[in-house]
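Colleague: I would like to go through this model and learn how to read a few of its features. Please take them one at a time.

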Amino acid sequence: MSSCISVYIHIPFCRTRCDYCDFFSTACGEKNVPDSYIDALCNELKVRFVSSGASSVRTVYIGGGTPSLLSAAQLKKIAGALSFASSENICSPEEFTLEVNPSDVTKDFLIGAADAGVNRLSCGVQAFEDDVLTGVKRRGGGNRVLDALELISCTWKGLFSADMISALPGQTEEKFCQGIRSLIEYPVDHVSLYSLTIEPETPLGKKLDSGLISYDFDAADRMWLLGRDILEENGFRQYEVSNFSRPGKQCIHNMVYWNLEDYIGCGAGATGSFYGPAGKRFTDTKNIEEYIKFWLSDSPVPEAAPGKEELLSTEVQSFEFFMMGLRTLRGVSLTEYKERFGEDVPGNIVSEMNTWKENSLAEFYSSENGLYFALNPRGILFLNDFLRKIL
């Protein structure tokens, strides 16, 4: 067990839900995030941290839902619950990320976030066009996005990341590219550029299935590639399938996932994972009332928490080693594989690696940490194909 641990915190509340979203959340309208939920969350944070055996917190990521619905007092309370992890009784992780909706960004909000120890904002810009945002029921419009970016530029002193989605319904290549160029005029360090995924059970998926809308997936792929090219032409380096950063500004917390490092998940619907011989993964219940009741009870223990637990077999961890590691342009260390699993990479996987190298979709390279295999920028577009071949 590492002495440092990363923590994911889930805030499952939104004013309204976007049509494309399949993350766990519930629409709360104009209501505030319940203090009872925050109290339960803080109890879980303390209990799970002690149970992990770690001595400090390396990274914190508050996602959702819409974490920017938290009040300054609630943010401080969450940070306080993490403070036991430091001998100085202060929560000072290397990276503390908070997701924000542009519509929630005010000067007071940014000051409150900084006071709570947040040092990295992840702003869900998604698009700049009013009609495109309205079409997927995204809260706020283009002007609100611009206002938020201006305010962050003038007020925020920490790291700043922004999310964009390519090919939302009704979006043109010209407007999408214009939006990417507008975004990088601001002091953004990191951009997560996602190609729209239409999940069957979302409102958008149901509209597509019923024929209410049509969608050109090939055009969507082309649009994403145009966005990638603009980012790279302007100093952003692709370091993962959907993530681009200026030099040295990669998201440390997300690298925890891609490197198969241990992390705690807290909050209704949150997942945490621990790897190794006794590997396991737990996911908290999505029943918010049940979650609150358990974690506000006397002396709650993680093993009895409502939700589900999965034992991670060696076979599962081996596949996830490639599934997660090959999302990055750095790739996977064959030397680390042997250290983790006590054996060389299986022959069928090595054979597939060689095939992809011969087809100019991947490469082997050496570093101080041993031999690596990585998909190149063209090969990483077909990551799922590679994974299917090695299953």
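Colleague: Is Glu 174 buried or exposed, and what relative accessibility does Glu 174 have?

Modeller: Keep in mind that the model is predicted. Exposed means over 50% relative accessible area. Glu 174 has 63% relative accessibility, so Glu 174 counts as exposed.

Colleague: Where is the place of Glu 174?

Modeller: Glu 174 belongs to helix 6, which covers residues 173–183. From Glu 174 to Met 223 the C-alpha distance is 9.4 Å, while the two are 49 residues apart in sequence.

Colleague: How should I read a pocket? What volume does the second largest pocket have?

Modeller: Rolling a probe the size of a water molecule over the atoms shows where empty space is left. Here the second largest pocket has a volume of about 290 Å³. Its lining has 17 residues, and the closest to the centre are Arg 48, Lys 280, Phe 282, Pro 302 and Glu 309.

Colleague: Which element gives the most to the lining of the second largest pocket?

Modeller: Strand 13 does, with four residues. Helix 1 (35–52), strand 13 (280–284) and strand 14 (307–311) each supply at least two. By type, the lining has seven nonpolar, six charged and four polar residues.

Colleague: How many bridges join strand 9 to strand 10?

Modeller: Three bridges join strand 9 (residues 237–240) to strand 10 (residues 243–245), and the two run antiparallel. Glu 240 has Asn 243 in strand 10 as its bridge partner.

Notes
Residues numbered from 1 in each chain as written. Predicted model: local features only at pLDDT ≥ 70, side-chain atom pairs only at ≥ 80, totals over all residues. Heavy atoms only, no water. 1 Å grid on protein atoms, 1.4 Å probe; cavity = no way out; pocket = protein on both sides within 12 Å on 5 of 7 lines; lining within 4 Å. Points joined across faces, edges and corners; volume = space filled by probe spheres on them. Nonpolar A, V, L, I, M, F, W, Y, C, P; charged D, E, K, R; others polar. Pairing = 2+ DSSP bridges. Buried < 20%, exposed > 50% of the residue type's maximum accessible area, 1.4 Å probe, protein only.
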